[in-house]
There are 2 protein chains.
Amino acid sequence: MDKLIVIKIGGNIIDDENKLSSFLQTFAAVEGKKILVHGGGKVATKIGETLGIESKYVDGRRITDAATIDLVTMVYAGLINKKVIAQLQALSCNAIGVTGADGNLIPAGKRPVKEIDYGFVGDVKSEKINASSWAGLLNNGFIPVVAPITHDGNGQLLNTNADTIAQEVAKAMSSLYEVHLVYSFEKSGVLLDANDDATVISQINPSSYQQLKAEGKIFAGMIPKLDNAFAALNSGVKKVMIGKAEQLQQLISGEAGTSITNS
Amino acid sequence: MDKLIVIKIGGNIIDDENKLSSFLQTFAAVEGKKILVHGGGKVATKIGETLGIESKYVDGRRITDAATIDLVTMVYAGLINKKVIAQLQALSCNAIGVTGADGNLIPAGKRPVKEIDYGFVGDVKSEKINASSWAGLLNNGFIPVVAPITHDGNGQLLNTNADTIAQEVAKAMSSLYEVHLVYSFEKSGVLLDANDDATVISQINPSSYQQLKAEGKIFAGMIPKLDNAFAALNSGVKKVMIGKAEQLQQLISGEAGTSITNS
């Protein structure tokens, strides 16, 4: 099986021109087949304020009303995605920008309203991701760069969590490739002390994860990422790495960050 | 040779939700391989005003400063392109949205400053368009939908005329396909009387074009379109049609609009 690396880059790197530029250089140099998934960053909030679109959050999740889905579509799929594409092309990386609507690459459904109405937020329909469509891009030498927008198949665009997109695409591609999933962000990995980058846990497996959680050593923000990582491993993804964007190469080679394994 | 239809849709259709929706239904029903190129519409100007970005024009061409290239990238490649993609996907048309930066599909250069500095405006490098990259998308069942943005290969996005993009892509694809190029807009075709849709000239060839121009019967706005059409025919495009977006099917079949031919 051919190897495929799916890399998620966090919004805070997107917000920092120098960090982004340096990350993209490292990404461009990664050999073999790869997919980049980027978060949204804070620029949407800033542009939204100027446009009089108020950002509303519940439990850290943006509530996406009609004005907001237009805003994030403009900013994520337009401004951010295309700037990344132009930069990668300048680095001879044949990037092509996509959302989940393009080529129906990530079918999703509007999140059902329970306690909270998240608005135009998409939940990915895992089983409907067509790995062959993605492979069609990869086999033609394109490097997909994914903006965190999906669609419902009925014409509605949907705001979708980039971590989830990375995980779902990684899972779906496991039928065709040996997939390594890399979550790169501002921390050096999963930390014992959230404020001390030197306390990276180099390896986590299901039993050590249970123990770390029971001892309260994993801070809340990491739990969804780790749950996603184990879900990915249980669905065929070979390896999940979490760590610093600046250390992408070492993350991929296993010399830095936290490695999540199934045993 | 396989047939390929390249269709340009004007900004005024993009601005009208009902007309756009009706056009996209017709486009989705067009059989065989096809590429859609869309203009920008007026929504960029409107959003720009709200953001405090003033629209500047010289000779009908937008002057694209740094704030404006960000604006049009957001609106053309983000908002407009992705809404079109989501609508086409709902019509079972496997559309994929691209700019000229994506997959390096349309290499361009910043327009040299002569009398006027157009800013970040791109002139397409015809000879550098890679027809195989486009064919890679088409052969995988993707229908490319192109937003009028290109790049200079050094990381800079460039605002680029959509008519020109349609023409250049059509020309480049002539090496691999029998290409028909369709300019669809608000008029029924090239008119003898710009205010009377019944005065469509059904066919124009180089000698009748010279005569019509000499007699002042072609209004100024049509001349660049016709010049582009003949340039396309001289570079391998098989057929060029100009006419009403609402009559797309009849335009393609030659039952409506103006047909531009080389003899």
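Helices (H or I, at least four residues) and strands (E, at least two) are DSSP runs, numbered from the N terminus. With that convention in place, Phe185(A) lies in strand β11 of chain A, residues 178-185.

Before I continue, please note that this is a predicted model, in which local features need pLDDT of at least 70, side-chain atom pairs count only at pLDDT 80 or more, and totals for chains, interfaces and linings use all residues. Residues are numbered from 1 along each chain as its sequence is written, while chains are lettered from A and ligands numbered from 1 in the order in which they are written.

As to confidence, chain A averages a pLDDT (the predictor's confidence in each residue, from 0 to 100) of 94, and 100% of its residues score at least 70. For the complex, the predictor gives an ipTM of 0.95 and a pTM of 0.96.

Let me return to Phe185(A). Why does Phe185(A) count as buried? Because it has 20 C-beta neighbours inside 10 Å; a residue is buried if 20 or more other C-beta atoms, placed from the backbone, lie within 10 Å of its own, exposed if 12 or fewer, and partly exposed in between. Leaving aside neighbours within four places in sequence, Phe185(A) is in contact (C-beta atoms, placed from the backbone, within 7 Å) with Gly10(A), Asn12(A) and Ala245(A).

Finally, the interface: 35 residues of chain B are in contact with 35 residues of chain A. On the chain B side, α4(B) supplies the largest share, 14 residues.

Key: Two residues are in contact if their C-beta atoms, placed from the backbone, lie within 7 Å.
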